[in-house]
Amino acid sequence: MRTVAASSVRAGSRDSEKLHKSLTRGLQALELVAESSIPLSLSLLVRRLKVPKSTLHGLLKAMVARRYLEIGRDGHYRLGVRSVEIAGAYLSRTTPLKVAHGELLALSRELKMTAHYAVLDGPDVLYLAKEDAPGIGLRLASAVGNRLPAHLTAVGKANLAFQTGKLDVDLQRVGSSGKPMKWDELLKELAQVSNQGYAVDDGQTLKAVRCVAAPMFDASGGCCGAIGVSYLRDAGPATDQVAARVMRAAANSSSRLGAHKLAG
């Protein structure tokens, strides 16, 4: 009986490992399709993931059946409607995002600037919300779902300055200057952000664009994202005036989340 039981445990463990591996491969394929600006072919996905073609084809077929992916007449894969539905459900139920939305709308209308909310995701910031002022001609890289190196953006630095533990950044990723940032330069800038309560990207991401951002905090006192605005460097008011308004928006959002800690 003990031999049979041990054999059953090993078989169950192997089945669990196989399921985990298949799920991981499927999610990796979905992520590659989501990150691509164009539909991807099966052969390209096989090369990227280094997975047997027959295995990956089966996983992709299952995701197409569940509408997480769609396949075109050319055999290339793109995101399906179910992926969009799940992303929408996440965005609608993320409390800090819901709280920030009204402030983004007010900032964009009042300052005539693009306003956005972003969170840290590894070494990047991930943009979860964006509001453009009516009639604005400027279109920036902060589209919802886009990500940029955190240490180069105002929203990223506003997040990084209030993180606990080791910072996850990739200083070799460069901005408009084409030069990597040095570690001591980043730490000095983050200390300034922590002290003054806001961060500035003065042309680091795009030469002609200035971004100003302030952190949001939740009831636990942790930073849960940052609110920021972007505008042409030569067309906006003084940075401290913009910063004061952005900090107020972030403070309003933090207060509604039950935060007691505020930046600055």
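Which residue does the side chain of Asp 121 meet in a salt bridge?

Tutor: Keep in mind that this is a predicted model. The partner of Asp 121 is Arg 147. Their side chains meet in a salt bridge, at 2.8 Å from N to O. This pair links distant parts of the chain. Asp 121 belongs to strand 3, while Arg 147 belongs to strand 5, residues 147-149. The two are 26 residues apart.

How open are these two residues? Asp 121 has a relative accessible area of 34%, so it is partly exposed. Arg 147 comes to 37%, so it also counts as partly exposed. The cut-offs matter here: buried means under 20%, exposed means over 50%, and partly exposed is in between.

The pair does not stand alone. Salt bridges that share partners join Asp 121, Asp 124, Arg 147 and Arg 173 into one network.

Now take the strand that holds Asp 121. Strand 3 covers residues 114-121. Of its 8 residues, 6 are buried, so the strand is largely enclosed by the rest of the structure. One partner of strand 3 is strand 4, residues 124-131. The two run antiparallel and pair over 7 bridges. Look at Val 119, for instance: Leu 126 in strand 4 stands opposite. Strands 3 and 4 form a hairpin, with 2 residues between them. In that turn, Gly 122 has a positive phi of about 65 degrees.

Strand 3 also pairs with strand 8, residues 223-232. That pairing is antiparallel too, over 5 bridges. Here His 116 has Gly 228 of strand 8 as its bridge partner.

At 12% relative accessibility, Cys 211 counts as buried. Its contacts, leaving aside neighbours within four places in sequence, are Ala 154, Ala 199, Val 200, Asp 201, Val 229 and Ser 230. Compare Met 113, which is 98 residues from Cys 211 along the chain. The C-alpha atoms of these two are separated by 9.9 Å.

The buried residues of helix 7 are Leu 186, Glu 189, Leu 190 and Val 193. Seen down the helix axis, they fall within an arc of 100 degrees, so they line one face of the helix. The cover over them includes helix 6 (154-160) and strand 6 (199-202). On the other side, Asp 184, Lys 188 and Asn 195 are exposed. Just after helix 7 comes Gly 197, with a positive phi of about 90 degrees.

Finally, return to salt bridges. The count for the structure is 10. Arg 245 and Glu 110 form one of them, at 2.9 Å from N to O. This pair also links distant parts of the chain: Arg 245 is in helix 8 (residues 239-256) and Glu 110 is in helix 5 (residues 95-111), 135 residues apart. Arg 245 is buried, with a relative accessible area of 9%. Glu 110 is partly exposed, at 46%.

Glu 85 and Arg 82 meet in a salt bridge at 2.9 Å, N to O. Both lie in helix 4, residues 81-93. They are 3 residues apart, about one turn of the helix. Glu 85 is partly exposed at 36% relative accessibility, and Arg 82 is partly exposed at 32%.

Definitions and conventions:
Residues numbered from 1 in each chain as written. Predicted model: local features only at pLDDT ≥ 70, side-chain atom pairs only at ≥ 80, totals over all residues. Heavy atoms only, no water. Buried < 20%, exposed > 50% of the residue type's maximum accessible area, 1.4 Å probe, protein only. Helix = DSSP H or I, 4+ residues; strand = E, 2+ residues; numbered from the N terminus. Arc of directions from axis to C-beta. Contact = heavy atoms within 4.5 Å. Pairing = 2+ DSSP bridges. Salt bridge = Lys/Arg side-chain N within 4 Å of Asp/Glu carboxyl O.
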